[in-house]
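Reader: Please take a close look at one part of this model. I would like to see how the two chains meet.

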Amino acid sequence: MSEAAERLQAFLQKTPYVQFLGMGAELAGDEMTAVLPFSPHLVGNPTIPAVHGGVLGAFLEMTAMAQLSVLQKLTRAPKTIDLTVEYLRPALSKTTYARAEVRKVGRRVANVHAEAWQETRASPVALLRCNFLLGPGEG
Amino acid sequence: MSDAADLPIDFIERMLQSPQCASLNLQLVSVGPARVAVRLPWREELAGDPDTGVIAGGAVTTLLDHVCGLAVGATSSEGTRSSTLDLRIDYMRAAAPRADVTGEAHCYRITHNIAFVRGQACDGDPADPIATAQGVFVLAPASAS
């Protein structure tokens, strides 16, 4: 297992909330795809049924953090400074995937964009823009 | 002043019964005109960092998304359905370890199609929130006029 893959697995396995969502990730080289299998406890709207919007936002935020863990060794978990989620389509009772792109990593702040989709990558269900505080020190 | 009988209490309670809400164990704190407060009880499973026991940002995101949607719901006596279009969250600080988090939201403007909402999440003092939220919701077609 590569060092990046080890860091990714460590992040996924040590974060209780990642386990709560049931989220996993696959790594091909340095390209990570996060996977959120459909599960009844994720449903926000039982009539459609659709995955809760908050869960999608949370999944995207965790995907962004996982991508940061792939990119570099983190001395501590990145702290979310702010995030914006845009909802494009309902996420139906299917597996949801996400990929994150790290736009900038500075000494203190990282900017990450992420995108979630289900069957068609070109038809995303939600988009994320996020800033994280890195490294030691007070938040 | 609005009569409590005008508030869609049953609607709000039904909206808190979705599987994700039940699995987070979200508890209704209060309902007012276009205002709702909900508590997310802390538990180990929701921690973002097992070393500190601080609740995951993702759980707070779901709480804020949901309470903002409920505030839209509380704008009419029969309850208004909506979907999140855009949600922005600023995290001021980490929650206290093992602390319950309360989310509150106010729908301050509603048009035929769109609702604008502000919210915040606190682990104690409402004057010292852990996060603030700004959301835009699109009303369900049946609710739009």
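Author: What follows is a walk through the contact between the chains.

This is a predicted model: local features need pLDDT of at least 70, side-chain atom pairs count only at pLDDT 80 or more, and totals for chains, interfaces and linings use all residues. Residues are numbered from 1 along each chain as its sequence is written, while chains are lettered from A and ligands numbered from 1 in the order in which they are written.

Start with the totals. In all, 31 residues of chain A are in contact with 30 residues of chain B; contact requires C-beta atoms, placed from the backbone, within 7 Å. On the chain A side, helix 2 (16-21), strand 3 (43-45), helix 3 (53-71) and strand 5 (79-87) each give two or more residues. Helices (H or I, at least four residues) and strands (E, at least two) are DSSP runs, numbered from the N terminus. Strand 5 of chain A gives the most, with nine residues. By class, this side has 15 nonpolar, eleven polar and five charged residues. Here Ala, Val, Leu, Ile, Met, Phe, Trp, Tyr, Cys and Pro count as nonpolar, Asp, Glu, Lys and Arg as charged, and the others, Gly among them, as polar.

Next, the strands. Strand 5 of chain A pairs with strand 5 of chain B in the antiparallel sense, over five bridges; pairing needs at least two DSSP bridges. Asp82(A) has Asp90(B) as its bridge partner there. Within chain B, strand 5 (residues 82-91) also runs antiparallel to strand 8, joined by nine bridges. In that pair Ile89(B) stands opposite Ala133(B).

Now the helices. The axes of helix 3 of chain A and helix 3 (residues 57-73) of chain B come within 8 Å and cross at roughly 150°. Axes are lines fitted to C-alpha atoms, for helices over the stretch in contact, and angles run from 0 to 180 degrees between N-to-C directions. The two helices are therefore roughly antiparallel to each other, a term for angles over 145 degrees. On the chain A helix, Gly53(A), Gly54(A), Val55(A), Gly57(A), Ala58(A), Glu61(A) and Met62(A) take part. They meet Gly57(B), Gly58(B), Ala59(B), Thr61(B), Thr62(B), Asp65(B) and His66(B).

Asn131(A) lies in strand 8 (residues 126-133) of chain A. Beyond its neighbours within four places in sequence, Asn131(A) is in contact with Ile81(A), Asp82(A), Val109(A) and Asn111(A).

How values were computed: Contact = placed C-beta atoms within 7 Å. Parallel < 35°, antiparallel > 145°, perpendicular 65-115°, else oblique.
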